[in-house]
Amino acid sequence: MSHIGSLLDEGRRMLSQRLVPRALVNRTTWARGTALLAAGDLALLSIWGDVWQVHMALLEPTDHAVGVLTLPCPDGQFPSVGLLHPPAIRLERAIHDLFGYESIGLPDTRGWLDHREGTNYAFLPVEGDGLHQIPVGPVHAGIIEPGHFRFTCDGETVVRLEERLGYVHKGVDELFAGLPLEQAARLACRVSGDSAVALSIGFARAVEDALRVTPPPRAIWLRALMAEMERIANHLGDFGAICNDASFTIILAHCAVLRERMLRAAEAAFGHRLMMDQIVPGGVAVDLDPQNLAAIVGLVSDVRARFATLTKLYDETASLQDRTVTTGILKPELAQRFGAGGYVGRASGRAFDARKHIGYAPYDVLVFEVPVLSEGDVNARVWIRAREIEQSLALIEQILRDLPEGDTMAGAPFGSGEALTLTEAFRGDVLVWLRISEGRVDRCHIRDASWFQWPLLEAVIEGNIVADFPLCNKSFNCSYSGHDL
């Protein structure tokens with residue numbers, strides 16, 4: 001029996017969650033799940049609070065089975081997972097800020113999303129001869145969301161980076177409570193704007209699983225088309241921006257043109273550059289006409305040819321390679337321990353991709369590869385993006401070639417239920433768990449891939465020079481908004 005199956009059998013299985021099993025467990029089983037995480041036998045997907053209980057979603061690394069453990073905490077306390085498994089620490093700090101629950105044994109009890117202590121936040125102490133600190137943010141020089149970075153340096157070498165996030169905390173969890181499904185879908189879409197499509201798909205799939213609704217095949221394939229267009233646009237932007245941070249602006253300029261063309265094609269085909277509000281529970285809100293289909297086919301061919309030239313230029317430019325190769329190395333064992341998703345994990349040997357390893361339509365019938373490298377440096381994260389762009393272009397061609405005919409909506413869902421989904425966004429897997437009561441969201445938890453990537457950015461910059469932080473940071477491109485909730 002799998003580890004997750006054994007844990008679930010120790011508890012009382014809840015019938016409300018159909019596809020991903022959930023069980024009510026005691027503290028002994030919760031502790032055993034924590035021990036399996038610490039040993040690397042399971043991967044953490046998320047921990048979140050609820051009404052007098054906490055939930056922990058787990059992933060089996062071998063067969064990718066997913067299960068949820070629910071621990072009642074009527075006294076507002078629960079045993080810390082982060083005590084033995086550091087990836088849980090920030091999530092547990094967030095639970096305290098949002099629900100007031102105390103995580104017994106948590107190594108770091110500072111507030112995380114709650115900034116009411118103002119400037120009195122206690123950064124970790126610094127000791128050592130000749131060390132100095134460089135504070136950066138929360139207000140940055142460019143058009144970027146706020147976040148604070150505290151560098152401790154020995155000369156130009158970074159010996160520690162500590163992040164403080166939460167500056168764009170919006171109370172998303174509370175905003176979901178009581179919303180009709182249509183409004184809740186609009187909110188989910190906006191948790192992180194660069195992943196609007198992936199978040200919309202994750203929310204819609206969760207609603208559909210909870211309420212036993214099956215969208216029409218054409219709608220499912222159109223969702224995948226939007227998701228791959230979103231993935232390409234973001235990867236193009238990142239590819240160019242990383243080169244720009246290495247002072248090679250010509251690639252940024254060309255990538256910006258290609259990204260703009262992809263966004264304009266999205267607006268022409270789906271009515272919005274980021275395709276917001278086009279994916280709804282039950283289907284999609286807009287269909288694709290033959291004229292726009294033909295335009296996307298032509299754009300795919302053009303992007304493929306032009307991007308091949310850019311990757312060749314990147315590969316043959318010694319000054320770029322000097323800045324990206326061996327810079328900001330994320331060790332594979334650390335990527336595995338934190339369950340790092342997307343290009344961050346895949347550049348460090350973790351091959352997880354929710355489209356393939358969890359599997360959901362239409363990716364279960366589409367042919368594509370998940371590129372994986374093991375070097376774990378900025379250069380590897382650049383090449384994972386490049387290979388994913390190539391795969392997404394091929395996926396779009398398959399989708400447009402085999403796009404089913406028919407309706408695009410199954411009708412507005414209504415009822416009560418509960419579900420959890422994992423959906424692959426451009427930066428990694430997005431988790432959506434929700435509980436619905438009579439057509440309204442009772443509770444919704446969304447976990448962006450950034451939750452497990454931000455801590456790793458602190459690790460990869462150690463030993464690098466301060467000037468290489470922009471490269472490391474952009475090669476991760478974590479979301480502030482998707483994290484701060």
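## The largest cavity

The largest cavity in this predicted model has a volume of about 90 Å³, and the structure holds one cavity of 30 Å³ or more. A cavity here is a set of points, on a 1 Å grid over the protein atoms alone, where a 1.4 Å probe fits but cannot get out, and its lining residues have an atom within 4 Å of a point; the volume is the space filled by probe spheres set on the points, which are joined across faces, edges and corners. Of the 14 residues that line the largest cavity, Ile47, Trp48, Ala94, Leu98 and His445 are the closest to its centre.

By class, this lining has 10 nonpolar, two polar and two charged residues, where Ala, Val, Leu, Ile, Met, Phe, Trp, Tyr, Cys and Pro count as nonpolar, Asp, Glu, Lys and Arg as charged, and the others, Gly among them, as polar. Strand E3 (43–50), helix H3 (89–99) and strand E15 (440–447) each supply at least two lining residues, and H3 gives the most, with five. Helices (H or I, at least four residues) and strands (E, at least two) are DSSP runs, numbered from the N terminus.

## Helix H3

Eight of the 11 residues of H3 are buried, so this helix is largely enclosed by the rest of the structure; buried means under 20% relative accessible area, exposed over 50%, and partly exposed in between (1.4 Å probe, protein chains only). Among the buried residues are Arg90, Glu92, Arg93 and Asp97, as well as Ala94. After the helix comes Gly100, whose phi is positive, near 80°.

## Salt bridges

A salt bridge is counted when a side-chain nitrogen of Lys or Arg is within 4 Å of a carboxyl oxygen of Asp or Glu, and by this rule the count comes to 37. Arg427 forms one with Asp194, the closest N and O atoms being 2.8 Å apart. This pair links distant parts of the chain, 233 residues apart, with Arg427 in the loop between strand E13 (417–425) and strand E14 (428–437) and Asp194 in the loop between helix H5 (181–189) and helix H6 (196–211). Arg427 counts as buried at 1% relative accessibility, whereas Asp194, at 24%, is partly exposed.

Within helix H7 (residues 217–245), Arg231 and Glu228 lie three residues apart, about one turn of the helix, and salt bridges that share partners join Glu228, Arg231, Arg346, Asp353, Arg355, Glu388 and Glu424 into one network.

## Basis of the values

Residues are numbered from 1 along each chain as its sequence is written, and side-chain values use heavy atoms, with hydrogens and water left out. In this predicted model, local features need pLDDT of at least 70 and side-chain atom pairs count only at pLDDT 80 or more, while totals for chains, interfaces and linings use all residues.

Methods. 1 Å grid on protein atoms, 1.4 Å probe; cavity = no way out; pocket = protein on both sides within 12 Å on 5 of 7 lines; lining within 4 Å.
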